[in-house]
Amino acid sequence: MIQPQDDSSLAIEALIDLDHPIKVDVAKWAAENLHDPALADRDQACEFWPEGWQRAADKGITGILVDPVYGGGGADVITGLLTYEGLGYGCRDAGLVFGLITQAWTMQPLLAQFGSEEQKQRYLSPLCSGDKKGAFCITEAESGSDTFAMTTQFETVSDNTEERYLLSGHKSYVTMAPEADLFMVFATSNPDLGQWGITVFLVDADTPGLTVSSNRPKMGLRTTPFADVTFENCELGPENVLGSVGSGASLFSNAMESERAFVLASQIGAMEYQLDQAVSYTRERRQFDQPIGDFQAVSHRLANMKLRHDNARLQLYRAAILHSVGKPSMAAAALAKIQASEASIASSVDAVLTHGARGYVTEFGVEQDLRNVAGGMVYGGTSDVQRNIVARWLGNRNR
Ligand SMILES: Cc1cc2nc3c(=O)[nH]c(=O)nc-3n(C[C@H](O)[C@H](O)[C@H](O)COP(=O)(O)OP(=O)(O)OC[C@H]3O[C@@H](n4cnc5c(N)ncnc54)[C@H](O)[C@@H]3O)c2cc1C
């Protein structure tokens, strides 16, 4: 199991030490235990790797941030980020890592903070042990960046003893949906109420009326299952409400404040791995009787990759430190997300160019990075929406 370090200097260490032992240990473990020779085939076929998920759960990665009372690792945010950064460095199955990190940074913190004791026992413990998997359902076909325009609706029906709810609607692009046992669903009591009408429900996969579409193939992260979810008069009770009725908008902001950046921690680890591979290749590959790394054009590309990686990493840990000490971190997280997602794309293009045709064909694993990282500028709020946050923080008005 990963041993969290309870040390105030950890944040500074994480910032300056690229080879922090927590990160390096997880990266080594992942390289040994999450190496799947069938990855390229599964990537083509959009196949998830349940065994890899279970190994990560057994190692304590799945529930790293959760209180040990519920089977988690009890780690602080910095330890959690180092863990997922190491996972991104050591595990080439970016889809598996994406499934793990989104669950760890979106669903689990909300359950931990707002769940009743019964909900935590029922859902958090099995999410940590890997016995259950979860999916986070906000987006709809007509409500993406405009989150609170959602139309998935619940009707309150009271019997003599308690209020019950009938949930109906359709959610799109839900990560892990085809594998999920639990759905965390944002719904409105009345679309006209906007953010004031939102409630979050915990819905078991076997609830009558809940159906999941088949897996939707996508450009990258193809080994993370991804689907639409339909709710048709799903009958729910008070035990299914997370937080309180009407508190959904505040739960949403809570989930999105910093976590939107933290889910890119593994991508920052993957950027470092990508750079290490590029450096090795430029030393080995010879053209015109010299290693290609001796061409200034090639070596400057490596320097640019390093610059982008360092910038992204520093911004991520800065947002994490602000978040950890309770200071406002919304703008810092937005900057970190823009930097990490856009820098990964630029560096993945550079990696393809540096490897020549080997970078373009599937078998050497370079082209996958470019496909895998493109989603980072969309999920968790698009780059445009992050720039809106930064501009508002600078004092500009925009929607
Ligand atoms: C890999 C991946 C995983 C995902 N996983 C999940 C998940 O688990 N659960 C879930 O609920 N959703 C998930 N999503 C959906 C994701 O949250 C949405 O795609 C995202 O919020 C954007 O919404 P949209 O796709 O409808 O784009 P739109 O909101 O329609 O945006 C289209 C374009 O318009 C721009 N735009 C829109 N509004 C503004 C504005 N106010 N200012 C400036 N530009 C604007 C956008 O930046 C974008 O360029 C996932 C998406 C991806 C790619």
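**Notebook: salt bridges and helix packing**

I started with the charged side chains and found K23, E85, E272 and R313 linked in a network of salt bridges. For a salt bridge I asked for a side-chain nitrogen of Lys or Arg within 4 Å of a carboxyl oxygen of Asp or Glu. A reminder to myself: this is a predicted model, so local features need pLDDT of at least 70 and side-chain atom pairs count only at pLDDT 80 or more, while totals for chains, interfaces and linings use all residues. Residues are numbered from 1 along each chain as its sequence is written, and side-chain values use heavy atoms, with hydrogens and water left out.

**Salt bridges**

By the salt-bridge rule I get a count of 17. I looked up E85 and R313, whose side chains meet at 2.6 Å, N to O. E85 lies in helix α5 (residues 77-90) and R313 in helix α11, so this pair ties together parts 228 residues apart in sequence. Helices here are DSSP runs (H or I, at least four residues), numbered from the N terminus.

Next I checked burial, taking buried as under 20% relative accessible area, exposed as over 50% and partly exposed as in between (1.4 Å probe, protein chains only). E85 is buried at 0%, and R313 is buried at 3%.

Then I turned to K306 and D310, a salt bridge with its closest N and O atoms 3.2 Å apart. Both lie in helix α11, four residues apart, about one turn of the helix. K306 is partly exposed at 33%, and D310 is partly exposed at 28%.

I also noted R371 with E367, at 2.8 Å between the closest N and O atoms. These two share helix α14 (residues 367-374), again four residues apart. R371 and E367 are both buried.

**Helix packing**

I took axes as lines fitted to C-alpha atoms over the stretch in contact, with angles from 0 to 180 degrees between N-to-C directions. Helix α11 (residues 296-324) packs on helix α12 (residues 330-355) at about 160°, axes 9 Å apart. The two are therefore roughly antiparallel; the cut-offs are under 35 degrees for roughly parallel, over 145 for roughly antiparallel, 65 to 115 for roughly perpendicular, and oblique for the rest.

My other pair was α4 (residues 50-59) and α6 (residues 94-114), whose axes come within 10 Å and cross at roughly 45°. That makes α4 oblique to α6. With contact meaning heavy atoms within 4.5 Å, I listed G52, W53 and A56 of α4 against L96, G99, L100 and Q103 of α6.
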